[in-house]
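Dear colleague,

I am handing over the structure below for your attention.

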Amino acid sequence: MANEITHEVNGLEAVIGARDTEAGRILVYHEFGTSKMPPRPVLGPAAFRNKDFVLKLIGRAALSGLLGGEQIHPALGYDQEV
C-alpha cells in the first residue's frame, strides 16, 4: 500500500494522500478505521513525527514574507502595495 501514497503541490498548497484505486481506498480504511476495524494510522503519525520540520518550513515562509525577502504569494489574499 505504500505505493498508493502520493503528493501534489500547486502553488502554496500541498495534498498528501492515497491514490483513488482499490488499494488506496483500503489505505484510507486503515488510516481511519471502520465500524468493524480499529484505525491503524500511517499518515497521521508520519505528520506528527515531522511536526518540527513543518513548523520550521512554515515559519521560514512567514518570516520571508514579513521581512521582505520574498513577496507574499498573491493567493494568500494580502494587498502587496504599502
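E22 counts as exposed because its relative accessibility is 52%, and the cut-off for that class is over 50%. Please bear in mind that this is a predicted model.

E22 takes part in a salt bridge with R25, in which the closest N and O atoms are 3.5 Å apart. Both residues belong to helix α1, where R25 and E22 are separated by 3 residues, about one turn of the helix. R25 itself is classed as partly exposed because its relative accessible area is 35%, which lies between the limits of 20% and 50%.

R25 also forms a salt bridge with D20, and here the closest N and O atoms are 2.7 Å apart. D20 is exposed, since its relative accessibility is 69%. The count of salt bridges comes to 2, and D20, E22 and R25 are linked by them in a network.

The other finding concerns the nonpolar surface. A patch of about 500 Å² is made by M1, I26, V28, Y29 and F32. One of these residues, F32, is located in helix α1, which comprises residues 22–32. F32 counts as exposed because its relative accessibility is 63%.

Yours sincerely

Conventions: Residues are numbered from 1 along each chain as its sequence is written. This is a predicted model: local features need pLDDT of at least 70, side-chain atom pairs count only at pLDDT 80 or more; totals for chains, interfaces and linings use all residues. Side-chain values use heavy atoms; hydrogens and water are left out. Patches are made of residues with over 30% relative accessible area and no salt bridge: like charges are joined within 9 Å, nonpolar side chains (Val, Leu, Ile, Met, Phe, Trp, Tyr) within 5 Å. Accessible areas come from the Shrake-Rupley method with a 1.4 Å probe; for residues, only the protein chains shown count as cover. A salt bridge is a side-chain nitrogen of Lys or Arg within 4 Å of a carboxyl oxygen of Asp or Glu. Helices (H or I, at least four residues) and strands (E, at least two) are DSSP runs, numbered from the N terminus. Buried means under 20% relative accessible area, exposed over 50%, partly exposed in between (1.4 Å probe, protein chains only).
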